[in-house]
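This briefing goes through the packing of one protein model, topic by topic. Please keep the sequence and the coordinates at hand while reading.

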Amino acid sequence: MKTIKHVLFLLALVTVFACNEKNAKQDKLVAKLELADSLEMEKPKNYLEKAQLKESIDEEIKRTIQLANDELIGDASEVILATKAALKAIADSSYVQAKSHIEKAIGKAESITALKPDLAFAPIDFNIQINDLVSNLSTVKKITNEAEEALEDGKVQQARELLAELHSELAITAYKLPIATYPNALKDALVLAKEEKYSEASVLLNAALNTVVINKKSVPLPLLRAERMLLEVDELVQKKEFDTEAVQTLLENASYEIKFAEVLGYGERDKEFKELDNAIKEIKKQVLNTSNTNEKGLIKKLRDRLKTFKERIT
């Protein structure tokens, strides 16, 4: 009896795994077909000027890096520079100068903690790049086709170079000083230097420099453009009488940009892409229906949802 139950259990497991595998294959096929359909989409007539879209990118940069306190960044940078100067002085056997540089670094670090006691990381520097090599879905289709052909021919590196072009993003790298712990390392290094244990002090200073945190963030430009278009839609529908054709054009462009972000792989084909697209379609219907003003609430809801989604996937 136990043997029969064991066999039945194994058969049930095999059936479950077979079903799961079948469902996985179906999901992959549906995703592939949806991707193919997306790549066939034509880019709508653009309603906004490039300058208007650039404004949204500039605003995103300001929001992201939040350079509200340039003095704070200057002080944090000086902590790093003084640490490096101390290391060089030790290497040059200039021990008096090494102690002076360490003391300077401690002073700057303590001034930051005094200004903001609860601050865990002090910004040192930012690097900002706009990577926008791909402008439309037809270009994506062309590149992916060329990459597939290269792979079929065994040209892996060529395929890699082609696929490396498939991005449209605002790339921000932030360097931050762990100000909550860094001063302690400096003080320990100063004690070692005063005890003439310069080798140990050097090791400790190097270790402190290696604690600098590097944060990278990629914001999809298509979603930024979609946000700007929906803002324009929101402003237009607030008027008593508005240009429905202009609103429809903007909504089509926003839908295209959201699909563009999905095809480029941002958000890993999150289900919310389809939900956002459906929301735009619903607003397009409401705009054409002059008997109500439901579109105002729907647009605000969509803008909030897109903003939350963008922040989540970046």
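How many aromatic pairs does the structure hold? The structure holds 3 aromatic pairs, where rings of Phe, Tyr and Trp (its six-membered ring) pair if their centres lie within 6.5 Å, and where planes under 30 degrees apart count as stacked, over 60 as edge-to-face and the rest as tilted. The model is predicted, and local features need pLDDT of at least 70, side-chain atom pairs count only at pLDDT 80 or more, while totals for chains, interfaces and linings use all residues. Residues are numbered from 1 along each chain as its sequence is written, and side-chain values use heavy atoms, with hydrogens and water left out.

**Aromatic pairs**

- The rings of Tyr95 and Tyr198 have centres 3.5 Å apart and planes at 10 degrees, so this pair is stacked.
- This pair links distant parts of the chain, since Tyr95 lies in helix H4 (residues 95-115) and Tyr198 in helix H8 (residues 198-209), 103 residues apart; helices here are DSSP runs (H or I, at least four residues), numbered from the N terminus.
- Tyr95 is partly exposed, with a relative accessible area of 29%, whereas Tyr198 is buried at 12%; buried means under 20% relative accessible area, exposed over 50%, and partly exposed in between (1.4 Å probe, protein chains only).
- The rings of Tyr256 and Phe260 have centres 6.3 Å apart and planes at 40 degrees, so that pair is tilted.
- Both Tyr256 and Phe260 lie in helix H10, 4 residues apart, which is about one turn of the helix; Tyr256 is buried at 2% relative accessibility, and Phe260 is buried at 0%.

**Nonpolar cores**

- The largest nonpolar core has 39 residues, and those with the most contacts inside it are Val140, Val233, Val247, Leu251, Ile258 and Leu306; such a core is a set of buried Ala, Val, Leu, Ile, Met, Phe, Trp, Tyr and Cys residues joined through side-chain atoms within 4.5 Å.
- The elements that give two or more residues to this core are helices H5 (137-152), H6 (156-163), H9 (221-237), H10 (244-263), H11 (272-288) and H12 (294-313), and H10 gives the most, with 10 residues.
- Apart from this core lies another one of 30 residues, among them Ala76, Ile106, Ala122 and Ala193.

**Helix H10**

- At 1.5 Å a residue (the expected span being 1.5 Å times one less than the number of residues), the 20 residues of H10 should span 28 Å, which agrees with the 28 Å between its end C-alpha atoms.
- H10 is mostly covered, with 17 of its 20 residues buried.
- Asp243 caps the N-terminal end of H10, with a side-chain oxygen 3.0 Å from the backbone nitrogen of Glu245, and just after H10, Gly265 takes a positive phi of about 95 degrees.

**Arginines of helix H9**

- Arg225 is found in helix H9 and is buried at 11% relative accessibility.
- Not counting residues up to four places away in sequence, Arg225 touches Leu53, Asp132, Ser168, Glu257 and Phe260, a contact being heavy atoms within 4.5 Å.
- The C-alpha atoms of Arg225 and Asn253, 28 residues apart along the chain, are separated by 8.8 Å.
- Arg228 is also placed in helix H9 and is buried at 12% relative accessibility.

Notes. Polar contact = N/O pair within 3.5 Å; in protein donor to acceptor, adjacent residues only side chain to side chain.
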